[in-house]
Amino acid sequence: MAREHWLDLRGYPEFDMYSMNLDSVFLAAAQNGGAPEEVLEDPMRIYHIEHGAGSGWTPEGQSKLFERLSARGVSWVDNEDVLLWTAQMGRLNSPMIFNHEDWGLSGFDLKETVLR
């Protein structure tokens, strides 16, 4: 994604929860926010890195992951919310922007350290 689109959309939603489905929410926002999509043909395709069981979502580890998160009181964006938000963005032909104008680390003065 071009930097200008990333900045216009204010990056991934910065929700205080497990990052499940945030990439899908962001892709829907990008699609409805004018970011062009190009499908790469073989051999240029990029594939998602597989997670270990219970560390990220996999078909085999889904129940283990959700049990672990629930036991710790950690919430996540479920697929139904993604579908509702995506449909709403499509109806409006506009992205949902989830982060405030001061998103990311813009409110912090980060000290730069040069390693030699």
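Predicted model: local features only at pLDDT ≥ 70, side-chain atom pairs only at ≥ 80, totals over all residues.
Residues are numbered from 1 along each chain as its sequence is written, and side-chain values use heavy atoms, with hydrogens and water left out.

View 1. The protein chain has 4 helices and 0 strands, where helices (H or I, at least four residues) and strands (E, at least two) are DSSP runs numbered from the N terminus. The radius of gyration, taken over C-alpha atoms, is 17 Å, well over the 13 Å that the globule rule (2.2 Å times the number of residues to the power 0.38) gives for 116 residues, so the protein chain is more spread out than a compact globule. Along the principal axes, its C-alpha atoms fill a box of roughly 45 × 40 × 35 Å.

**View 2. The largest nonpolar core.** A nonpolar core is a set of buried Ala, Val, Leu, Ile, Met, Phe, Trp, Tyr and Cys residues joined through side-chain atoms within 4.5 Å, and the largest one here consists of 7 residues, namely L9, F26, A28, A29, A30, A35 and M89. Helix 2 (residues 22-32) supplies the largest share of this core, 4 residues. Apart from it lies another core of 5 residues, including Y18, M20, L65 and L69.

**View 3. Helix 2 and its cover.** The buried residues of helix 2 are L22, V25, F26, A28, A29, A30 and N32, and what covers them includes helix 1 (3-9) and helix 4 (79-92). After helix 2 comes G34, whose phi is positive, near 95°.

View 4. F26 lies in helix 2 and counts as buried because its relative accessibility is 6%. Leaving aside neighbours within four places in sequence, F26 is in contact (heavy atoms within 4.5 Å) with M1, W6, L9, G11, Y12 and P13. F26 and I97, although 71 residues apart in sequence, are 9.1 Å apart in space, C-alpha to C-alpha.

Note on methods
Buried < 20%, exposed > 50% of the residue type's maximum accessible area, 1.4 Å probe, protein only.
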